[in-house]
Amino acid sequence: MRTLRFLLQKEFRQIFRDPAIIRIIFMMPALQLIILPLAADYEVKNIQISVIDHDHSDYSRRLTNKITSSGYFKLSQYTGSYNAALNNVEKDKSDLILEIPAKFEKDLIKENEAGLFVAVNAINGVKANLGASYLQSIVRDYNSDVRLKWIQMPRFSPELNIEVASSNWFNPHMNYQIFMVPGILVVLVTMVGSFLASLNIVREKEIGTIEQINVTPVKKYQFIIGKLIPFWLLGLVIMTIGFVIARVVYGIVPLGSFLTIYAFAGVYLLAVLGLGLLISTYTSTQQQAMLLSFFMMMVFILLSGLYTSVDSMPEWAKWVTRFNPVTYFIEVMRMVVLKGSSIADIKNHIFILLGFAVFLNSWAIINYKKRS
Amino acid sequence: MSNGTAISVDKLTKRFGDFTAVDNISFNVTKGEIFGFLGANGAGKTTAMRMLCGLSKPTSGTASVAGFDVYSQTEKIKKSIGYMSQKFSLYEDLTVKENIRFYAGIYGKPDGFIKEKTEKLLNELRLQSEAGKLVRSLPLGWKQKLAFSVAIFHEPQIVFLDEPTGGVDPVTRREFWNMIYKAAASGITVFVTTHYMDEAEYCNRVSIMVDGKIEALDSPTQLKKTFEANSMGDVFLKLARKAVRAAD
Amino acid sequence: MKQFTSFIRKEFHHIFRDRRTMFILLFMPVAQIIIFGFALTNEVKNSQIAILDNAKDADAASLITQIGNSRYFNIEKVLYTQKEIDEVFKQGKIKMVMVLPQNFGSDLQHFNHAQVQLIADASDPNVASTLTNYASVVITDYQKRITNEKKLPYTINTEVRMLYNPQGKGAYSFVPGVMAMVLMLVCTMMTAITVVREKEMGTMEIMLVSPVRPLKIIIAKAVPYLLLSMINVASILLLSVFVLDVPINGSLVLLIAESILFTLTCLAFGLLISTVTDSQQTAMFISLTGMFLPTVMLSGFMFPIENMPLPLQIISNIVPAKWFYIIVKNVMIKGTGFNIVWKETLILAFMLFALLGLAIKKFKIRLA
């Protein structure tokens, strides 16, 4: 026990004297939390549309007006030539083309049926899909307007109508930043836990101080615990700093209890520290450790549901996410912060993380013993 | 094992796959002796020493250090020895005082002892004014002397020194060896490896390893007589040539 | 010249002997392409939803079946009370709840009018609005289906065609992004670290006293990474074409030329970073925060630039990856020629010379 005390004293002194670590602990949360949510806005707005009007009728103009006044679209071009519109799309000046054929008004009124043609720049799949579907819903609305004008609507409408009332819970303003912030907190904690920890241990290997410790009575488990505890604490510290920034800059206050979050974070850190330890047993230079940590973290973070939804992934990718500790923390963080979930709601997650922690740390310790 | 023996080695061997790094070596080191362990790079010195420190398991043979078996009692060995290597000994980003305190602490020395002896040590080395400075800022010679003192701070029975005086000027080396004498005089056995041949003269006995085997083991004086050499350097060259010849 | 090549050879040895690092550097783009190509998608599908059916009549059942058949939804749970809605959201998996009122079927029969409630978990606003949208479309289709006997008057039919990317594949937008990311990482970070490492180990001095001009020594360090990057570009393009079915619509020569230009820019950036620090850790840190993070966040490949607040949009202009991303999108996906991308190419070239000039100047200062 006393030995552990001395080890911890040394570790903490070394960590706080390392200027790079201090910078990382404070700058990273600030940078990521401030820039990332501002940049990461997946909402689709300001869609540039080119309208080709071959009809020049009352109806075509009214349709165009309806589109431009919807708030989703900006009319970037109003022309009579398809080629001109296509050119605009090529130059990225327009995202969508709407072509209103000649005789649009006549066909709609006299023949009861008219057609419209839409071409979408589908390179950005999301923007394309949403853009097309916004446009289609505007056209549907316009269609209803036209019908209303020409058909008397008795009390019992001949047209079957199912009205959809939608409401948004937990984030009524549909603020994307509120959604991103908890995820970023998870990334911060993960980086400290696995990245920094593995770098620290490998640096000792590179310099040779591990050898020195090996000849002393310090037992292996004491050494490992002496390394893990400071980074465990550091992980919680950076999360705290993150929450403070979230509160100050975005006004985000968790709906659930902090105790729940910290309890889970504590278990989670055990798991990612185990991962960091594992990485350190497979690398011998800081450069390798950095690259390997970075690579693994990138894969884990991409396949965790941070940027894209797990539900949409193919089956094999879903399996990978089940074996990824980050996935669970992201879920938990979002659940507790945004929806107020309780410990009971996340108890499965905690058990799974404990499993990870035991598995990763055991593997790492076995490796460590073998290679020393 | 008799009370006067600090290290006892019998037919100790270490193999890495097909390669035999340490080949059947046997020797004894008496308590309080300054035992020099010489050899070219790659002769097997470091491997042998690592086995004695409990860092690596022998392939065959027996050895006991401070009365403890190197196979089954490595923890006890580690408690009874000190170690210093040229590559590294002290934490550059901790202060002089913090380094002393750390190493003394992990060897289980009580706080009172640490405090008192630290004062004494700083006085002896004339490092009182540097006590609060980071080790990184000390010149190399001071670092080496401090490292040695830290290695014996917890009053171990044996201290292992692996090429401790590399890169240091002759005057500092002399001062370093004075410290070694003092330690030996106080009863600490000193096991030192070096490839400075003049330092070999300072030892009580010297063993010379060639290709994993001990080719010579005696006091410097005796060795010079046996090999008809004027200096330890010549003794070594003669033995090394033998190895080349054996390889033909 | 011969001395120069001996330095280059030495640098190659350094890199190729570090098997682990090499493996990661070459495998990383492959892994990214696989993940982005097959696992990640912004599309919303298979979302888990729950139904609270207060009606329990035939019409309700038929609407629910239609919703369940849609590839966008998986009906995971059936709820029985209003209270359960909050609980089920808190448990995490359910993204939306559809509520059918008690008189759904009879309202439809007698009044031709009924209401359906969609409650979305808007913690992810995008998923919420997309699901709401999709559900509305399914409901509208259901509506059409049951009124098929009467053909509605005054119908507008809209035909939609997707340009450049008929299947709406996400791959089209991220392959250029992955190229930029990988090149940045390999060239900038690795070059910076390699040069700084030499400084840290003290061997830089030795090289500086050799008869080869110091600038050539530094360039010799960058050369292997140039080669590695070309291998990476090749593997990304091969994977895109043969595994992801993303074609190279434009000129391959132009694409490669632009890639070389971008690579050189990244290398120059790496060299610049190496002149401002002496520690490997700091070099890594600067590379990551000063270059990699902005590339991912501000180049436009993950998040659309138009959505960002103005200050970020302005900053994104000095991120070289932003211009490269535009160039690759145009040349590779749209198939346009140099006449469209000459402006961006010029900007990149300008950045290259600026960075290189700055790096050389700093390097010379250090020597003097």
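What share of the contacts in chain A with a separation of 6 or more comes from residues 24 or more positions apart? Here are some notes on that and a few other points.

1. This is a predicted model, in which local features need pLDDT of at least 70 and side-chain atom pairs count only at pLDDT 80 or more, while totals for chains, interfaces and linings use all residues. Residues are numbered from 1 along each chain as its sequence is written, and chains are lettered from A in the order in which they are written.

2. To the opening question: residues 24 or more positions apart account for 79% of those contacts in chain A, a contact being two residues whose C-beta atoms, placed from the backbone, lie within 7 Å.

3. Chain A has 14 helices and 5 strands, both taken as DSSP runs (helices H or I, at least four residues; strands E, at least two) numbered from the N terminus. Its radius of gyration is 29 Å, well over the 21 Å that the globule rule gives for 372 residues, so chain A is more spread out than a compact globule. That radius is taken over C-alpha atoms, and the rule is 2.2 Å times the number of residues to the power 0.38. Along the principal axes, the C-alpha atoms of chain A fill a box of roughly 95 × 45 × 40 Å.

4. On to the partners: 16 residues of chain A are in contact with 17 residues of chain B. On the chain B side, helix H2 (74-80) and helix H3 (96-106) are the elements giving two or more residues, and H3(B) supplies the largest share, 4 residues.

5. Chains B and C do not touch, and their nearest C-alpha atoms are 14 Å apart.
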